Amino acid sequence: MIKIENNDQLKNCPFCGTLHETYMEPTYLSRSPRMGRSNDETNVISVEIRHWCPNIPGQPSQRVIVKVGRDVESVIKLWNMRYE
């Protein structure tokens, strides 16, 4: 997981107002060996943004938000989407 800090492409969390404890993690698909390819060649099949809101005393549990997209651009669009 890659920790996101001070990323100007992402809006802050709509619930806690921060990007505190926000991570991006790609999921890889290993390809089977074929002619002309190395055995360790991989493709990204999805990218996930996972955010944990800070604990609030007296609240039952910590809030976790997860967004998943096909690539970094699509998951950033999903994260930044807000209903008005």
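A residue counts as buried when its relative accessible area is under 20%. Glu-48 has a relative accessibility of 17%, so Glu-48 is buried. This cut-off is used throughout the following description of the structure, which is a predicted model.

The protein contains 1 helix and 4 strands. Read from the N terminus, the order of elements is β-β-β-β-α. The chain has 84 residues, and 23% of them are buried. Among contacts with a separation of 6 or more, 42% join residues 24 or more positions apart. The accessible surface amounts to about 6500 Å². Carbon and sulfur atoms account for 50% of that surface.

In soluble globular proteins, nonpolar side chains tend to be buried together. The largest nonpolar core here has 12 residues. Its members are Ile-4, Leu-10, Cys-13, Leu-19, Met-24, Val-47, Ile-49, Cys-53, Ile-65, Val-75, Ile-76 and Trp-79. Two elements, strand S3 and helix H1 (72-80), each supply two or more residues to this core. Helix H1 gives the most, with 3 residues. Trp-79 is one of the core residues. Beyond its neighbours within four places in sequence, Trp-79 is in contact with Leu-10, Lys-11, Cys-13, Leu-19, Ile-49, His-51, Ile-65 and Lys-67.

Helix H1 has a buried side and an exposed one. Val-75, Ile-76, Trp-79 and Asn-80 are its buried residues. They lie on the same side of H1, because they cover an arc of only 130 degrees around the axis. Glu-73 and Lys-77 are exposed on the other side of H1.

Lys-67 belongs to strand S4 (residues 64-69). Its relative accessible area is 30%, so Lys-67 is partly exposed. Leaving out residues up to four places away in sequence, Lys-67 touches Val-47, Glu-48, Ile-49, Val-75, Leu-78 and Trp-79. Lys-67 and Ile-49 are 18 residues apart in sequence. In space, their C-alpha atoms are 5.3 Å apart.

Ser-46 lies in strand S3 (residues 42-52). With a relative accessibility of 17%, Ser-46 is buried. Residues up to four places away in sequence are again set aside for its contacts. Ser-46 then touches Glu-25, Pro-26 and Thr-27, and also Val-68, Gly-69 and Arg-70.

Side chains of opposite charge can pair when their charged atoms come close. The structure holds 2 salt bridges. One joins the side chains of Lys-3 and Glu-21, with an N to O distance of 3.3 Å. This pair links distant parts of the chain, 18 residues apart. Lys-3 sits in strand S1 (residues 2-3), while Glu-21 sits in the loop between S1 and strand S2 (22-30). Lys-3 is partly exposed, at 36% relative accessibility. Glu-21 is also partly exposed, at 26%.

Another salt bridge pairs Arg-50 with Glu-48. The closest N and O atoms are 2.5 Å apart. Arg-50 is partly exposed, with a relative accessible area of 24%.

Key. Residues numbered from 1 in each chain as written. Predicted model: local features only at pLDDT ≥ 70, side-chain atom pairs only at ≥ 80, totals over all residues. Heavy atoms only, no water. Buried < 20%, exposed > 50% of the residue type's maximum accessible area, 1.4 Å probe, protein only. Contact = heavy atoms within 4.5 Å. Core = buried A, V, L, I, M, F, W, Y, C linked by side-chain atoms within 4.5 Å. Salt bridge = Lys/Arg side-chain N within 4 Å of Asp/Glu carboxyl O. Arc of directions from axis to C-beta. Areas by Shrake-Rupley, 256 points an atom, 1.4 Å probe, with all protein chains shown as cover.
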